[in-house]
Every structure is written in structure tokens, then in C-alpha cells.
Amino acid sequence: MVFHLPKVYPITDTDLSGLSHAAQVDRLIAGGATLIQLRDKHAAPCDFYRQAEAALQIARKHYVRLIINDRVDIALALGADGVHLGQADIPVKAARRLLGEGAIVGISAHNLAQVEQATTMPVDYVAFGPIFKTSTKENPDPVAGADALLTVRTIAGALPVVAIGGITMANAEEAWRSGADAVSSIAALLSDPPRIPENLRQMLARAQR
């Protein structure tokens, strides 16, 4: 069965937003999110677990799927909807074995070889980027550009593709037109916390053009 992504796949960031993961999830849901990734590169595991638990309670009330970045152990312990893995994280097959066939498992790819490899893995989507220059990663990979998405789309075949890295209101449409099934955004949605719901609504509206 092919996994269907929403057009916008938001990712939380406590440093950028100044909000807890739960508060971000609440506001993103108010803006129309149906799939959210919790990402925290700095919190201690016990703190991230507690925050993720609170966020998951909110998501469950609204039938929104919640994916944990990197931490398969936390996703498993909480019964989250899935996990998003980087190239240096636990192998995909191990994550799938732990979380089960019903879990959502995604992987990041930063070059075409990694995209091709992803098509042989038991993953539900591949996130490719950075498409544009990004400020939310400490050591970002080289910018790929939207044109690369055309090739990624061909290589990925039926595997859903998420465009990541530097996605804004201004360039999201270019990413969709270039073959992305979804765009994943952090700064464009979270940098002005009171406007998070409206920011997401606006980006979702652009997807309908």
C-alpha cells in the first residue's frame, strides 16, 4: 500500500518557536496539520520523552499522526505513529522490526544515491534536501536546488517524496511543481509563534493552487 502524505508536513523546533512540543502541536493542528514530526536535537532523552508524551496526547485527541525524529526508542515506548530516520540513525530494517509493519518510517536523503537506496528499504517516504538554503540545521548538506527534485521524482517512483530544507511560502509551490508530494517546513511555520496556525493555513492554501 502506498503511503499518502499531506501536502505540508510540519516539524517542531523548541529553540526556534520558544514553545514546548505540545504547544506547537496544538497550534499546528489548529492550522490544519494531519501529520507532524517532533524534532529535538538537544533535549535529554527523559525530557524529550515527557514532551513527546504530552504532544502525543494532544495529537490523539484530534486524530493527527505524530512521528518522532531519530529516536526509535521513544517512538516505541510511546506508541507514536512512526519515526523519521537520518542516514546515521538506527538502520531502517531494525526500526521497522521494532515498530512493526503498521508504523510510518521515513528516511532523509541528501543525494541521488541515497534516494535510490531508499527505494530498496521498508520505508514509507523519503525526505530529500536541503532543496534551498536552510538555517535550522547546524551543519547542513549542500543545497540541491528544486531542479534536483525532478530527478529524485523519477528515481523514487511510487515512493512518496518530501522536499526539505529552506522551504518558505515563496518557494513551496516550486518544490511541489518539481515533483515533491509534500514539503516539510520549520522556520516558515514556527518563527512567529502566534501566527503558526495562520502560517500553516496559508501554506496549505498554496498547495491547492
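**Labels and their grounds**

Modeller: Let me begin with L112, which has a relative accessible area of 35% and is therefore partly exposed, and keep in mind throughout that this is a predicted model.

Colleague: Why is R153 called partly exposed?

Modeller: The relative accessible area of R153 is 22%, and since buried means under 20%, R153 is partly exposed. R153 belongs to helix α7, residues 147–156, and, with neighbours within four places in sequence left aside, R153 is in contact with A158, L159, P160, V161, G179 and D181.

Colleague: How do you know that Y63 counts as exposed?

Modeller: Exposed means over 50%, and Y63 has a relative accessibility of 78%, so Y63 counts as exposed. Y63 sits in the loop between α3 and β2 (65–69), and Y63 has a positive phi of about 60° although it is not a glycine. D70 also has a positive phi, of about 70°, and is not a glycine either; D70 lies in the loop between β2 and α4 (72–78).

Colleague: Turning to the helices, why are α2 and α10 called oblique to each other?

Modeller: Helix α2 (residues 21–30) and helix α10 (residues 196–207) pack at an angle of about 45°, with their axes 7 Å apart. Angles under 35 degrees count as roughly parallel and 65 to 115 as roughly perpendicular, the rest between these being oblique, and α2 and α10 are therefore oblique to each other. The crossing of α2 past α10 is right-handed, and the contact brings R27, L28 and A30 in α2 against I196, P197, L200 and R201 in α10. By class, the residues of this contact are 5 nonpolar, no polar and 2 charged.

Colleague: What makes α2 roughly parallel to α3?

Modeller: The axes of α2 and α3 cross at roughly 25° and come within 8 Å. Because angles under 35 degrees count as roughly parallel, that label applies to α2 and α3. The contact is made by H21, A22, V25, D26 and I29 of α2 together with F48, Q51, A54, A55, I58 and A59 of α3, and its residues divide into 8 nonpolar, 2 polar and 1 charged. The crossing of α2 past α3 is right-handed.

Colleague: Which residues touch the most other members of the largest nonpolar core?

Modeller: Among the 62 residues of that core, V25 and V183 touch the most other members, while the largest share, 6 residues, comes from helix α3 (residues 45–61). Apart from this core lies another of 11 residues, among them F3, L35, A127 and A182. With neighbours within four places in sequence left aside, the contacts of V183 include V8, Y9, V162, W176 and M203.

Colleague: Where is there a cis peptide bond?

Modeller: A cis peptide bond joins G129 and P130, with omega at about 5°, and P130 lies in the loop between β5 (125–128) and α7.

Methods
Residues numbered from 1 in each chain as written. Predicted model: local features only at pLDDT ≥ 70, side-chain atom pairs only at ≥ 80, totals over all residues. Heavy atoms only, no water. Axes fitted to C-alpha atoms, helices over the stretch in contact; angles between N-to-C directions. Helix = DSSP H or I, 4+ residues; strand = E, 2+ residues; numbered from the N terminus. Parallel < 35°, antiparallel > 145°, perpendicular 65-115°, else oblique. Left-handed = near helix turned anticlockwise from the far one by under 90°. Contact = heavy atoms within 4.5 Å. Nonpolar A, V, L, I, M, F, W, Y, C, P; charged D, E, K, R; others polar. Core = buried A, V, L, I, M, F, W, Y, C linked by side-chain atoms within 4.5 Å. Buried < 20%, exposed > 50% of the residue type's maximum accessible area, 1.4 Å probe, protein only.
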